[in-house]
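I opened this entry to look up a ligand site and some helix packing. My notes follow the structure.

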Amino acid sequence: MAWIKETAAILVTQTNMKTLLVFGCLVVHASTSASDLKLWYDKPATVWEEALPVGNGHMGAMIFGGAPVERIQFNEHTVWTGQPHCYAHLGAVKFLPEIRRLLFDGKQKEAEQLALKEFMSEPLRQKAYQPCGDLWIEFPHQNPADYKRWLDLDTALAVTEYKSGGVSYRREVFASHTDRAVMVRLTADKSGKLDCLMRLSSPHPDSKVTADGQTLILHGQVEPDGIRFESRALLTADGGTVKPEGDALRVAGANTLVIRLVAATNFKNYHDISADPAARCAALLKKNKSWEKTLQAHVADHQALFRRVSLDLGRTPAADKPTDQRIKEFTTGNDPSLATLVFQYGRYLLIASSRPGGQPANLQGIWNDKLKPPWDSKYTCNINTEMNYWPAEVTNLSECHEPLFAALTELAETGRVVAKEHYGARGWVVHHNFDLWRGAAPINAANHGIWVTGSGWMATHLWEHYLFTQDKEFLAKRGYPLMKGAAQFYADFLYEDPLTGWLISGPSNSPEQGGLVMGPTMDHQIIRSVFRQCIAASRILNTDKEFADKLTAMLPRIAPNQIGQHGQLQEWLEDKDDPKNQHRHLSHLWGIYPGDDITSHDRKFFEVAKQSLIYRGDAATGWSMGWKVNLWARFLDGDHALLILRNLLQPVGKVKGRWSGGLYPNLFDACPPFQIDGNFGACAGIAEMLIQSHLDEIHLLPALPKDWPTGKVTGLRACGNFTVDIEWKNGKVTRYRITSPHPREIKVRVNGEVKTVMAEKSV
Ligand code: FUC
């Protein structure tokens with residue numbers, strides 16, 4: 001397959017190690033290789049945020065790598081508090097006109113009070129994602145020497161190695177998607193040297209463990225009438241003995257020990273919890289293949305996704321240091337391959353936490369050790385859930401988007417009841433959170449819970465999936481019906497502003513500030529996008545012309561983006577923004593990214609939106625910085641995007657006196673506390689710096705920072721079902737390749753020029 005050479009660029013013959021003087025700064029360029037795709041440490045984890053995550057979309061596990069005690073804390077994706085429940089507040093619609101009237105009369109507090117009393121979800125709060133259990137392994141190993149543990153992103157294998165009493169011990173852990181199991185293998189370099197005590201436990205008080213032959217069994221229950229779960233650890237020893245000792249298993253004198261850990265619950269779907277966890281675990285354990293076979297299938301399954309994209313931003317000696325050390329030095333040092341690692345870690349985490357058949361990645365992905373996790377470790381969809389899926393298409397993990405689409409199908413059912421009962425509207429609506437039970441009504445408090453564009457924002461992901469894959473069948477059967485339902489709600493809900501005559505959204509809020517209002521800018525940007533996408537889809541599918549015409553007629557009546565007194569993009573209908581407001585939410589910039597309501601084609605609004613981002617500052621919570629990286633990339637400012645990335649890729653703490661997010665030693669993003677969205681935001685942001693395709697052209701290196709002058713990326717995806725590889729030197733594209741299963745002409749913006757090229761047929 002041929003690459004297209006860019007002769008405009010300064011071509012430098014590549015050698016393995018090269019020193020280049022670029023933009024006045026000395027960059028040692030060497031290539032990042034697969035062996036660099038590791039997080040590694042020279043000591044065990046002492047806290048959860050130092051442990052290493054593995055996951056298969058159904059189970060997640062955190063490996064502490066301790067000696068003499070190993071802890072593997074694990075989750076099952078459907079262990080939640082609560083039970084099937086309809087959260088809609090029946091008849092709430094009666095109060096909608098009065099809430100609106102109070103808001104138009106400037107009586108915000110009264111409107112919020114009335115809404116809190118009469119308009120909210122029943123109950124007011126949603127349920128929480130829960131831990132499942134812990135596998136403990138106690139060894140008689142004191143004073144371990146030559147200790148090392150790592151997580152290899154390329155094989156999705158976590159390894160711990162050390163020496164004790166003249167014996168070298170090795171522990172390997174992976175989460176197999178093909179076998180729905182967490183696999184552990186213990187080996188030693190001398191035979192008969194494996195002695196340990198294996199236990200299972202659970203933080204849920206109503207749980208019980210028994211040892212049965214070679215198996216440990218954990219039965220648990222989150223709440224009466226709620227989720228029941230079971231977990232089993234099956235031990236297979238080579239040599240030695242395995243014997244029950246109370247509720248534990250004692251292993252003595254083994255050469256090798258393999259543990260197959262499975263877990264299951266009674267959850268079938270959001271309205272049915274009649275499954276049998278014990279039968280499910282027994283069925284899972286029947287897949288008892290050898291370690292080697294299970295590992296082989298796992299690596300093949302993982303690499304089929306993970307290896308689709310490679311990235312090389314250069315490598316410096318800093319890459320040889322332990323990962324926790326690299327985070328401490330990233331802001332001040334020169335370690336471009338930590339950015340590569342964070343990019344690939346984002347992809348790794350999405351593969352581990354979001355696979356077809358499983359729940360979508362929640363606020364903590366699939367990893368949670370707390371009975372009361374921050375924000376319930378559920379789904380906050382006024383930014384966080386969507387951010388989790390920003391890397392899905394562009395970083396070539398389209399399949400990982402699927403659990404979100406499955407959830408949307410269910411939310412369209414519960415959200416239809418909410419649309420009717422709260423708003424007297426057709427279609428479906430989701431507010432700013434949902435949970436395992438698909439709660440869609442407004443929760444927590446009126447001032448931020450009543451926000452109507454969760455459904456709209458998430459529906460744009462269906463269109464995005466179509467844009468990247470061109471999968472017309474998906475659009476016809478799954479995407480469009482959901483998009484149409486989302487649009488139908490807004491078509492009924494939009495309200496004519498008596499002052500301006502515009503159609504406005506309300507009651508709603510600009511997440512999560514300013515309280516309950518009529519007409520927040522973000523809502524209008526999202527609703528416009530939903531309408532435009534529906535109109536385009538109906539044209540492609542040749543259906544629903546009448547509905548599309550109705551939306552087309554409504555579009556120009558929706559309140560437009562407005563420029564305010566500080567040269568800012570107004571966040572609200574009224575010009576009341578405070579330029580000193582550095583709130584974490586960047587809601588009115590939705591139209592820049594992830595939306596395309598405002599693009600560089602509209603210079604005036606593009607600049608005004610940029611001014612609003614400047615006002616918000618550079619420090620923020622982890623996810624907010626993740627968003628800012630993407631926004632600065634959309635503003636085509638790679639240096640500013642990297643500046644934000646530098647703020648994000650440092651130990652959690654303060655930036656210029658302001659509390660700011662960062663990274664924990666295991667590279668988990670800190671909001672703080674741990675929230676996985678920032679990992680995905682950073683990953684998507686790095687991709688957005690390298691490729692953009694939202695303007696009917698593929699823009700190569702749209703926001704390349706000066707400090708990444710030389711590099712190579714393969715396998716990124718672009719709208720139109722294209723796959724793109726790019727090589728660059730001295731900040732210029734030197735070669736690129738665009739492939740597609742259906743080759744056609746495409747416009748490419750490269751080194752400042754726009755060219756029309758023919759994509760090659762992908763193999
Ligand atoms: C939103 C954010 C918070 C946090 C929470 C889970 O409400 O404003 O910072 O990320 O989601």
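Which residues surround the ligand? I found Leu-363, Trp-375, Thr-380, Asn-384, Glu-512, Arg-584, His-585, Trp-623, Cys-671 and Gln-675 around the ligand (a residue counts if one of its heavy atoms lies within 4 Å).

I noted that this is a predicted model, where local features need pLDDT of at least 70, side-chain atom pairs count only at pLDDT 80 or more, and totals for chains, interfaces and linings use all residues. Residues are numbered from 1 along each chain as its sequence is written, and side-chain values use heavy atoms, with hydrogens and water left out.

The side chain of His-585 has an N or O atom 2.7 Å from a ligand oxygen. For Trp-623 I read 2.9 Å from a side-chain N or O atom to an oxygen of the ligand. A polar side-chain atom of Gln-675 also lies 2.9 Å from a ligand oxygen.

Then I turned to helix α17 (residues 638-648) and helix α18 (residues 677-690). Their axes (lines fitted to C-alpha atoms over the stretch in contact) are 11 Å apart, at an angle of about 155°. The two helices are therefore roughly antiparallel (angles over 145 degrees). Gly-638, Ala-641, Leu-642, Leu-645 and Leu-648 of α17 meet Gly-678, Ala-682, Ile-686 and Met-689 of α18 (heavy atoms within 4.5 Å).

Note on methods:
Axes are lines fitted to C-alpha atoms, for helices over the stretch in contact, and angles run from 0 to 180 degrees between N-to-C directions. Helices (H or I, at least four residues) and strands (E, at least two) are DSSP runs, numbered from the N terminus. Angles under 35 degrees count as roughly parallel, over 145 as roughly antiparallel, 65 to 115 as roughly perpendicular and the rest as oblique. A polar contact is a pair of N or O atoms within 3.5 Å; within protein, one must be able to donate a hydrogen and the other to accept it, and residues adjacent in sequence count only if both atoms are side-chain atoms.
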